[in-house]
Amino acid sequence: MIRFEGVHKSFGAHEVLKGIDARIGTGEVVCLIGPSGSGKSTLLRCVNGLETYQSGRITVDGVRVDTASRTIHDIRTRVSMVFQRFNLFPNRTALENVMEGPLFVLKQDRAEVRARAEALLNRVGLGAKMQAYPQSLSGGQQQRVAIARALAMQPKAILFDEPTSALDPEMVGEVLQVMRALAEEHMTMLVVTHEIHFAREVADSVLFLDGGTIVEHGPAKEMLRHPKHERTQDFLRRVTHPV
């Protein structure tokens, strides 16, 4: 579904991605872990053209990601993104936020869009909050609206950029529960996260990035329990047993 081949990305003289090679198969959940500044979010944002990479190749469902091409619009309709800070429209209700993309980007029928949006909000446990505005919702509720909004586009894959990092600890679980359900339904997901327990439990595989390179990758349960690389071992020790 998503393929990286020798991807390089720089901001000025600073090289952020240094030749990334990886594959995410259809229906797979892949978690990107690593220290801050390792290139995880940049790599994610390159997938749907929010960032432009300088060399190499990224393809989504066989179509090359190229921000200068007309195909980038098609890719953005196939690949939804859930942001760290929700990015909901503050002047629209939860229901209107979920309906926005299918109505104005995909130009779909309003009655069909509304019915699907209502079903999705019920699915993420927010059926009673359809007419609520974002400012009246908790962080966890806003993120669940954002996930429903992503699903409303009927994507082939969803990108999650640290979806729980802006939440209070007690709200993290409700978002991860929704993501677990998506994984069980075989939604293709590429997730930047620091939730190591979630990655171990839900992900098919894990990529550990450091300094713009993939230091180690492998099956989630095996790699997160028995990492081979010393840098991965040190990182996991610090994340799971902070001083």
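**Entry 1: α3 and α5.** I looked up how α3 and α5 run and found that they are roughly parallel to each other, a label for angles under 35 degrees. Helix α5 covers residues 139-152, and α3 packs against α5 at an angle of about 25°, with the axes 8 Å apart. Axes here are lines fitted to C-alpha atoms, for helices over the stretch in contact, and angles run from 0 to 180 degrees between N-to-C directions. Helices are DSSP runs (H or I, at least four residues) and strands likewise (E, at least two), numbered from the N terminus.

I noted that the model is predicted: local features need pLDDT of at least 70 and side-chain atom pairs count only at pLDDT 80 or more, while totals for chains, interfaces and linings use all residues. Residues are numbered from 1 along each chain as its sequence is written, and side-chain values use heavy atoms, with hydrogens and water left out.

The crossing of α3 with α5 is right-handed, that is, the near helix is turned clockwise from the far one by less than a right angle. For contacts (heavy atoms within 4.5 Å), I listed Ala 94, Asn 97, Val 98 and Pro 102 of α3 against Val 145, Ala 148, Arg 149 and Ala 152 of α5. By class, this contact has six nonpolar, one polar and one charged residues. Ala, Val, Leu, Ile, Met, Phe, Trp, Tyr, Cys and Pro count as nonpolar, Asp, Glu, Lys and Arg as charged, and the others, Gly among them, as polar.

**Entry 2: α3 and α4.** I then turned to α3 (residues 94-104) and α4 (residues 110-123), which pack at an angle of about 130° with axes 9 Å apart. On the α3 side, the residues in contact include Leu 95, Met 99 and Leu 103; on the α4 side, they include Val 113, Arg 114 and Leu 121. I recorded 10 nonpolar, no polar and four charged residues in the contact.

**Entry 3: aromatic pair.** My search of the whole structure gave one aromatic pair. The ring centres of Phe 208 and Phe 235 are 5.2 Å apart and the planes lie at 40°, so the pair is tilted. Rings of Phe, Tyr and Trp (its six-membered ring) pair if their centres lie within 6.5 Å; planes under 30 degrees apart are stacked, over 60 edge-to-face, and the rest tilted. Phe 208 is in strand β9 (residues 205-210) and Phe 235 in helix α9 (residues 230-240), so the pair ties together parts 27 residues apart in sequence. Both Phe 208 and Phe 235 are buried (under 20% relative accessible area, 1.4 Å probe, protein chains only).

Conventions:
Buried means under 20% relative accessible area, exposed over 50%, partly exposed in between (1.4 Å probe, protein chains only). Angles under 35 degrees count as roughly parallel, over 145 as roughly antiparallel, 65 to 115 as roughly perpendicular and the rest as oblique.
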